[in-house]
Amino acid sequence: MPILKLAALAMALICLPGCFDYEAELTLRSDGSGQARFSLYLPAQAQTGWEEPLVARIVSPEADRRQIRENGRLLLREEAAFRFLGNLTAHRIKWNLSFLDSGFLGLGGHTYKLTTTVINSENIPSDRTVPPGLQAKPALNPNLPHDESGLAALALRVRAAGSHSIIIRQNLPGEVEEADSIFLGDYEVTPEIKANQVSWRLPLAMLVAQDVRYNLTFSCVFQGDYRPRPGLAEAWASRLPPAAPAKAEAAPEKRESGL
């Protein structure tokens with residue numbers, strides 16, 4: 001089925017149609033170590049695997065990848081443990097940790113901010129002061145169709161997405177104090193906070209309906225004790241794989257002048 005093939009690519013664009021659920025989860029410990037886990041849930045009859053483009057997200061460290069058929073669905077799960085965030089490299093998703101405050105006279109608990117950025121094929125323009133998805137009154141999406149056939153096709157894609165969702169989850173070495181909401185057009189995704197965990201559930205139908213093509217940023221603030229020193233750069237941000245080199249244009253064919 002074409003929809004199931006598209007679902008295998010959905011982690012690149014996070015808004016393609018299909019009958020699937022997707023979870024991206026990061027666990028960070030106070031010593032700097034942690035684990036990244038990606039889970040893609042598909043119908044049991046789906047014909048896809050790790051060889052599909054961008055289904056395998058983790059580049060390094062070496063990931064454990066499994067395909068499990070259970071409860072009428074196919075689960076593709078990959079996970080990898082890392083010593084520091086800087087040892088983690090993944091396609092089109094990045095985590096950044098920053099130090100905010102040490103409390104009154106340095107006596108209180110330390111406060112940190114963790115940001116997850118899901119990167120689409122169309123990057124955020126560098127001159128934007130507020131990333132798309134965080135503005136209070138988002139502008140209308142110019143990519144949405146206006147003609148009757150385009151609107152009908154979009155309605156079919158939204159219907160195919162059904163009640164499926166994409167979940168971004170962060171498990172942290174301290175209690176979460178606050179987290180940003182995400183706006184998909186006029187739809188607000190409110191984070192769910194449970195002690196040291198925060199998660200955002202993005203309805204797939206809303207991602208499709210709003211034709212989301214921009215990067216999405218998920219941020220939270222937590223208080224705890226992150227032990228790696230601030231100067232240890234590899235403990236504060238994961239990595240993206242190097243960008244593929246642009247293909248050089250073919251040189252124009254030389255012709256003899258005959259003179």
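Four strands form an open sheet in the order β7-β8-β15-β10, paired in the antiparallel sense. The model is a predicted one. At the edges of the sheet are β7 (93–101) and β10 (174–179), each of which pairs on one side only. Neighbouring strands are turned by 30° against each other on average, direction ignored. On the β10 side, the pairing with β15 (residues 216–224) is antiparallel and runs over five bridges. Within it, Ala179 has Cys220 of β15 as its bridge partner.

Turning to the aromatic residues, the structure holds eight aromatic pairs. One of them joins Phe38 and Trp95, with 6.3 Å centre to centre and 45° between the planes, a tilted arrangement. Phe38 belongs to strand β2 (residues 34–43) and Trp95 to strand β7, so this pair ties together parts that lie 57 residues apart in sequence. Phe38 is buried, at a relative accessible area of 2%, and Trp95 is buried with a relative accessibility of 2%.

Tyr112 and Trp236 make another pair: their ring centres are 6.2 Å apart and the planes stand at 35°, so the pair is tilted. Tyr112 is in strand β8 (residues 110–118) and Trp236 in the segment after β15, so that distant parts of the chain, 124 residues apart, are linked. Tyr112 is buried at 1% relative accessibility, and Trp236 is buried at 10%. Both residues belong to one aromatic cluster, together with Phe99, Phe222 and Tyr226.

Rings also meet charged side chains. Arg65 lies over the face of Trp50, 5.8 Å from the ring centre. The charged end of Arg83 sits over the ring of Phe84, at 4.3 Å from its centre.

Terms used. Residues numbered from 1 in each chain as written. Predicted model: local features only at pLDDT ≥ 70, side-chain atom pairs only at ≥ 80, totals over all residues. Heavy atoms only, no water. Pairing = 2+ DSSP bridges. Helix = DSSP H or I, 4+ residues; strand = E, 2+ residues; numbered from the N terminus. Axes fitted to C-alpha atoms, helices over the stretch in contact; angles between N-to-C directions. Phe/Tyr/Trp six-rings, centres within 6.5 Å; stacked < 30°, edge-to-face > 60°. Buried < 20%, exposed > 50% of the residue type's maximum accessible area, 1.4 Å probe, protein only. Lys NZ or Arg CZ within 6 Å of the ring centre and 35° of its normal.
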